[in-house]
Amino acid sequence: MPLQLSIADPSDLDALTACQFAAFYPHEAFHDVVWPGPPTPENLAKCKARQQAWMKADGHSTYLKITDADTGAIVAGGKWCIYEEEPERPERMVVDWYGEEGSAERAFGQEVLDEFHRRRVERMKGPHCLLDLCFCSPTHQHRGAGTQLVQWGTRKADDMGVQAFVEGTLTARRLYEENGFIVTEDVKLKEDTWAEKGRIEYLFMHRPARTK
């Protein structure tokens with residue numbers, strides 16, 4: 001059953017969103033802050049709407065899909081941001097999707113995103129490529145989908161002669177390291193301040209620019 005990589009479009013978002021939640025929910029706490037679960041029809045629709053807005057408005061992003069050639073099903077997806085110049089990132093991302101306004105949940109979500117976004121602003125300088133999202137359905141892992149998604153962007157980075165970044169899960173560490181990424185920080189967010197929320201952890205990873 002060969003897997004085929006292609007560019008995704010808005011008509012793919014229902015399948016991509018379902019696949020995304022299957023990959024991350026409920027075990028990845030950071031994903032639950034950015035894309036709140038559980039994967040009810042309402043939450044899936046909200047996730048789709050946000051992705052659709054970004055797909056339309058962000059000229060730097062390319063959404064990818066991996067399709068099982070035999071069944072036609074989308075089994076994995078990703079999003080690469082390609083910056084030929086240093087992007088003008090806002091100083092802060094305002095969280096308006098997590099918890100109710102004024103609630104402790106909203107404050108928690110904002111603190112987590114502040115820490116996450118700060119690292120992007122401080123570290124992702126100059127032209128670069130960013131793997132913003134990468135996921136695979138649990139029933140289709142170990143078939144090479146992740147490698148295809150990662151290498152699509154690393155080839156772009158190499159063609160441009162620029163560095164690349166990813167904020168990866170611990171379980172995906174080997175995949176990224178096999179493709180040239182190096183862990184620069186094991187990030188643990190808000191474990192002391194928000195102990196009841198559990199640990200939010202990810203790997204900030206950097207792939208140095210390569211010259212031909």
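Analyst: What follows starts at the lining, moves out to the strands, and ends with points elsewhere.

This is a predicted model, in which local features need pLDDT of at least 70 and side-chain atom pairs pLDDT 80 or more, while totals for chains, interfaces and linings use all residues. Numbering starts from 1 along each chain as its sequence is written, and side-chain values use heavy atoms, without hydrogens or water.

A search of the whole structure finds one cavity of 30 Å³ or more. A cavity here is a set of points on a 1 Å grid over the protein atoms alone where a 1.4 Å probe fits but cannot get out; lining residues have an atom within 4 Å of a point. The largest cavity holds about 70 Å³ of space, counted as the space filled by probe spheres set on the points, which are joined across faces, edges and corners.

Who lines the largest cavity? The residues are L13, L16, T17, Q20, Q51, Y63, L64, G77, G78, L133 and F135. Helix α1 (13-24), β2, β3 and β4 each give two or more residues to this lining. Helices (H or I, at least four residues) and strands (E, at least two) are DSSP runs, numbered from the N terminus. The largest share, four residues, comes from α1. By class, the lining of the largest cavity has six nonpolar and five polar residues, with no charged ones. Gly counts as polar in this scheme, while Asp, Glu, Lys and Arg count as charged.

Now take strand β4, which spans residues 128-136. Eight of its nine residues are buried, that is, under 20% relative accessible area with a 1.4 Å probe, protein chains only. On one side of the pairing list is β3 (residues 74-83), which runs antiparallel to β4 and is joined to it by eight bridges. DSSP must find at least two bridges for two strands to pair. Within this pairing, C81 has L130 in β4 as its bridge partner. Strand β5 (residues 163-168) also pairs with β4, through four bridges, and these two run parallel.

S61 belongs to β2. S61 counts as buried because its relative accessibility is 15%. The side chains of S61 and D58 are joined by a polar contact of 2.6 Å; the term means a pair of N or O atoms within 3.5 Å, one able to donate a hydrogen and the other to accept it, where residues adjacent in sequence count only if both atoms are side-chain atoms. D68 sits in β2 too, a strand that covers residues 61-68. D68 counts as buried because its relative accessibility is 1%. A polar atom of the D68 side chain lies 2.9 Å from the backbone nitrogen of D70. The C-alpha atoms of D68 and H140 are 9.2 Å apart, although 72 residues separate them along the chain.

H117 is placed in helix α4 (residues 104-123). H117 counts as buried because its relative accessible area is 4%.

To recap the space itself: about 70 Å³ in the largest cavity, with α1 giving the largest share of the lining.

Conventions. Buried < 20%, exposed > 50% of the residue type's maximum accessible area, 1.4 Å probe, protein only. 1 Å grid on protein atoms, 1.4 Å probe; cavity = no way out; pocket = protein on both sides within 12 Å on 5 of 7 lines; lining within 4 Å.
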